[in-house]
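Please take a moment to look over the sequence and the structure shown here, and keep both at hand while reading. The paragraphs that follow go from charged side chains to the sheet and its helix, and end with a single residue.

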Amino acid sequence: MEQGLIGGQPRAAAWLGDQLRALHLPTAHLGVQAHEPAWSVLKPADRAALQGHPGVNVRHADGQLLALLIVHPDTRQVQRAEGDAFHLDRLTRDVTRALGTVAPVAAQP
């Protein structure tokens, strides 16, 4: 549970996913694309702006976006980070585990 990974036979993983969703636990999705269900938690403007971006990472629960982290996949530079501090920290941790260390959002002049 702590690692946020579900694996196994497709039917068993689907069943477990359904059970976890029923508990309304926060879920992280890394590298989310438009064809995936987690894409729907983004605001319509973000869906349009981020279409095709490979570094869209979200943490959500009950269809509500809790944290959003946009990371350039080649440079691992964080391009955008927003959300509740707790959930953003958890999402950043998950992305770091998957990609390695990410660079913080560049300061705006």
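**Salt bridges, sheet and helix**

A network of salt bridges links D46, R80 and E82, where a salt bridge means a side-chain nitrogen of Lys or Arg within 4 Å of a carboxyl oxygen of Asp or Glu. The model is a predicted one, in which local features need pLDDT of at least 70 and side-chain atom pairs count only at pLDDT 80 or more, while totals for chains, interfaces and linings use all residues. Residues are numbered from 1 along each chain as its sequence is written, and side-chain values use heavy atoms, with hydrogens and water left out.

The confidence score, pLDDT, is the predictor's confidence in each residue on a scale from 0 to 100. Its mean over the protein is 88, and 91% of the residues reach 70 or more. Confidence is lowest in helix α1 (residues 10–22), with a mean of 84, and highest in helix α2 (residues 44–50), with 97; helices (H or I, at least four residues) and strands (E, at least two) are DSSP runs, numbered from the N terminus.

In total, the structure holds 4 salt bridges. Side chains of opposite charge can pair when their charged atoms come close.

D94 takes part in a salt bridge with R93, whose closest N and O atoms are 3.3 Å apart, and in another with R97, where the corresponding distance is 4.0 Å. D94 and R97 both belong to helix α3 and are 3 residues apart, about one turn of the helix. D94 is buried because its relative accessible area is 13%, whereas R97 is partly exposed at 46% and R93 is partly exposed at 23%.

Turning to the strands, an open sheet of 4 strands runs in the order β1-β2-β3-β4 with antiparallel pairing, two strands being paired if DSSP finds at least two bridges between them. Its edge strands are β1 (27–29) and β4 (78–83), each of which pairs on one side only. On average, neighbouring strands of this sheet are turned by 15° against each other, direction ignored. Helix α3 packs on the sheet and touches β1, β2, β3 and β4, its direction making about 40° with that of β3; here contact means heavy atoms within 4.5 Å, and axes are lines fitted to C-alpha atoms, for helices over the stretch in contact, with angles from 0 to 180 degrees between N-to-C directions.

Strand β2 (residues 56–61) pairs with strand β3 (residues 64–71) in the antiparallel sense over 6 bridges, and V56 has I70 in β3 as its bridge partner. Between β3 and β4 the antiparallel pairing extends over 5 bridges, with G83 in β4 as the bridge partner of A67. These two strands, β3 and β4, form a hairpin with 6 residues between them, and R76 in the turn has a positive phi of about 60°.

Which residues does V102 touch, not counting residues up to four places away in sequence? V102, which lies in the segment after α3 (85–99), touches V71, R76, V78, T92, V95 and T96. V102 counts as buried because its relative accessibility is 15%.

Technical notes. Buried < 20%, exposed > 50% of the residue type's maximum accessible area, 1.4 Å probe, protein only.
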